[in-house]
Amino acid sequence: MKLATEQAKAISESIPDDAGAMNDALIRLVQQKAFDTLLKMEEGAPMKEIGLMVARLSNATVKQKQWQVEIEAKVRAEERAKAAEAATSAATDGGASPEVIARIRDLLGIK
C-alpha cells in the first residue's frame, strides 16, 4: 500500500492534471469494481450500504464534472482577456479611437 501511494504521488506530481482526468479515472474504476461486486453478490446483501456507496460515487462524479466545467470556463475567460488585451494594445498602437477599442473589447466579451 505504501508503494502504491508513493507511486501515485510521483505520478500526480510529475503530470499536471488540471482537467481532473486522474480523479475521473479513479471514480470510473471504483464504479466498475462496485458494479462487478454487485453482480457477484448473493440475495440478501446489505443493499442499504451498497445504495449509499452508489449515491456517494454519483455525487463524486457530478462534482468532478462541475469542477471540470468551472476550470474550462476559467481558462476560456483568461484566454479571452489575453486576446482582448492584445487586440486593444494593437488597436491603440495603430491609432484606433477609444470607441473602436471599446467595440473590440465588447466583441471579445471583455468589459
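Which helix supplies the largest share of the nonpolar patch? Helix α3, residues 47-93, does, with 3 residues. Keep in mind throughout that this is a predicted model.

**The whole chain**

Start with a cartoon view of the protein chain. There are 4 helices and 0 strands, and from the N terminus the order of elements is α-α-α-α. Now colour by burial: of the 111 residues, 14% count as buried. The chain exposes about 8,800 Å², and carbon and sulfur atoms supply 62% of that area. Among contacts with a separation of 6 or more, 60% are between residues 24 or more positions apart.

**Helix α3**

Select residues 47-93, which form helix α3. This helix has 47 residues and reaches 69 Å from its first C-alpha to its last, close to the 69 Å expected at 1.5 Å a residue. Next, pick out I50, L57, Q64, Q68, A84, T88 and A91, which are buried in α3. What lies over these buried residues? The cover includes α2, residues 21-40, and α4. Step past the end of the helix to G95, which follows α3 and has a positive phi, near 90 degrees.

**The nonpolar patch**

Show the surface and select L38, M41, M47, M53 and V54. Together they make a nonpolar surface patch of about 390 Å². Stop at M47, a member of the patch that lies in helix α3. Is M47 buried or exposed? M47 is exposed because its relative accessible area is 53%, and the cut-off for exposed is over 50%.

**The salt bridge in α4**

Move to helix α4, residues 98-107, and show the side chains of R103 and D106. These side chains meet in a salt bridge, 3.3 Å from N to O. The model has 1 salt bridge by the rule used here. How many residues apart are R103 and D106? They are 3 residues apart, about one turn of the helix. An α-helix has 3.6 residues a turn, so residues three or four places apart point the same way.

R103 is partly exposed, with a relative accessible area of 47%. D106 is also partly exposed, at 39%.

Note on methods
Residues numbered from 1 in each chain as written. Predicted model: local features only at pLDDT ≥ 70, side-chain atom pairs only at ≥ 80, totals over all residues. Heavy atoms only, no water. Salt bridge = Lys/Arg side-chain N within 4 Å of Asp/Glu carboxyl O. Helix = DSSP H or I, 4+ residues; strand = E, 2+ residues; numbered from the N terminus. Buried < 20%, exposed > 50% of the residue type's maximum accessible area, 1.4 Å probe, protein only. Patch = residues over 30% accessible without salt bridge, like charges linked within 9 Å, V, L, I, M, F, W, Y side chains within 5 Å. Areas by Shrake-Rupley, 256 points an atom, 1.4 Å probe, with all protein chains shown as cover. Expected span 1.5 Å × (residues − 1). Contact = heavy atoms within 4.5 Å.
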